[in-house]
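I set out to look up a few local features of this model and to record each in turn. The entries follow in the order in which I consulted them.

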Amino acid sequence: MKASSKFMDRARWLQQLGDFARALDQGKVAVAMDYMQVGDMQRRMWSLASYLLVNAPDAYHRILGTNTQADLQEYAEDKLDLGEALGALTLRDDGLVERRYTGGRVIANPDPTPVTYTFDEGAWESLTLNGGGTYPSPTYLSWQLVVAPSVALAPSSAMVVRPAQVVEPPPSSDAVGVRSVFAGAFSNTPDQIDYIATVHDLAITSSGASKVAALHAANPDEPIFAYDKIAGAEPGEPRWDQVVAAGLVWYGPSGNPVTQTQFGWYWLDIGTPEKRAAWVQILVADIEELLSRGYDGVYLDNCGIIDPSLISEFPGDYGDDTYYANVGLVLAEVRAALPADVKVLINSYTGGQPEGRRGLEYLPYVDGISFEAFSMKASTKFMDRARWIQQLADFGYALSLGKFAIAMDYMQTGDMQRRMWSLASYLLVNTDAAYHRIAGTNVQADLQQYSEDQLQIGGALTGAIERPDGLFERVYTGGTVVANPNATTTTYTLGPGTWESLVLTGGGTYPSPGGIAWQVLNGGSIALAPNTAVIVRSSP
């Protein structure tokens, strides 16, 4: 594009690419350099695609952000690896320009009108750039599932696509059902200790050393995480005097400290390197003390931007992007200060935020991430199809990086439609590093009992498959999971023979005995309403 960051016409753009290629053909080094605003993702993708269309061993790419002052800048696309080029660029009959690599395809539209690109058969995903700007600016590359068979490329827009990379299901022996999570307080009684240790696969708590020891004695393999906050403290905590002395209490325009509206603790100021360093020193010391009680790792809550409903007032210097980046810097320093075998789990994922602020940028610094409001919103309202697919794709992305992930949903304990929807959504992306948690909104006790926590469905035989009718399906040795994210009722046809459908019963404050039953289905199909799911199996 021009130095003014305006796009060129088709002829000028093709001339630029041709001249760049000729320099490379003569054995020269060539740098493809463009000016743009760091957050202008259309121009960043256009610049990247233009470069990739003529890329060679001696070709380099540079972005110069026009809205940043520092020379050292950070961009996700600098980390992209598409493999080897499978030939030169192709001028297609429809006007698009395409080049194929072993790891994907680059398509650009230099025409003044939209042009539709039709994918080959199979599932495809498109590259998304996130973050970027003055270093450090946590960034990452993500691949979003393309839900249509074609994409209309606007003028001067481009995309990088590849065949969908499905997270491989674990072997049958490694994925026999639901791995559930307990979070909160409990009594040090034999029945509660036994229930948490035998039913749940991961625990998050603020309990003392005796309870941690009791859980470990009952199940040495269950990891137990100590609860803490990424940037919060309150009077009465041992660290409070240090927080005050370091000037970390954050003040709003009213002159009052800013507090968390739900629980009353104080948000802390991590806006400068000096304050971050002071807070990290305090936080790491606290984590080390928690580890001395027998915990296996730490669960850091409230990672990400601050929701307006959870703060008494915003300080004058608060900004979503700045605060989000500062949280990432704290996480990076905490991770560096702790031994490698100490697991760091964060509650961070916020799917309603724009790309670059959903929590995935923090993955390089942590071992696991909790997807709070995984398959439905925190209000318990269902998501639209695109948002739900994004949630599942991001969950799979975290797992593909070797992280563990928790699918957590809020709902009324007796809402069986939502319980089945949450369970099915989890099972669609389940691996041996995926966990599930329900938080009942109509009960007070943290220890809750749900029959699905003990579901054994066997090993996954496939990844999640998006069917032509829009349903999502995944086959396990012990049953088939089917979910309908469509806006209309969609019919699922069963195979020959007799089929049964999973029915959940019970649920709520422990003990709430329930069970799992399989009900024989009448007829050869099931009409699935929007946001409903079933688990079916051939009748034994």
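**Helix 3 and its cover.** I note that the model is a predicted one. Helix 3 spans residues 190-199, and I listed its buried residues as Q192, I193, Y195, I196, A197 and V199.

**Strand 20 and its partners.** I next asked how far strand 20 is enclosed by the rest of the structure. Four of its five residues are buried, so the strand is largely enclosed. On one pairing, strand 19 (residues 343-347) runs parallel to strand 20, with three bridges between them. Within this pairing I found L345 opposite G368 of strand 20. Strand 20 is also parallel to strand 21 (residues 404-411), and five bridges join the two. Here F371 faces A407, a residue of strand 21.

I looked at the loop that links strand 20 (368-372) to helix 8 (385-400), where A373 is located. A373 is not a glycine, yet its phi is positive, near 65°. Is A373 buried or exposed? Its relative accessibility is 9%, under the 20% cut-off, and A373 therefore counts as buried. T380 belongs to the loop between strand 20 and helix 8 as well. For T380 I noted a positive phi of about 75°, again in a residue that is not a glycine.

**R474.** I turned to strand 25 (residues 472-476), which contains R474. Because its relative accessibility is 1%, R474 counts as buried. Which backbone oxygen does the side chain of R474 reach at 2.8 Å? I found that of N430 at this distance. I also recorded a polar atom of the R474 side chain 2.7 Å from the backbone oxygen of T462.

**A cis peptide bond.** My last entry concerns the bond from Y510 to P511, which is cis with omega near -5°. P511 sits in the loop between strand 29 (508-509) and strand 30 (515-520).

Terms used. Residues numbered from 1 in each chain as written. Predicted model: local features only at pLDDT ≥ 70, side-chain atom pairs only at ≥ 80, totals over all residues. Heavy atoms only, no water. Buried < 20%, exposed > 50% of the residue type's maximum accessible area, 1.4 Å probe, protein only. Polar contact = N/O pair within 3.5 Å; in protein donor to acceptor, adjacent residues only side chain to side chain. Pairing = 2+ DSSP bridges.
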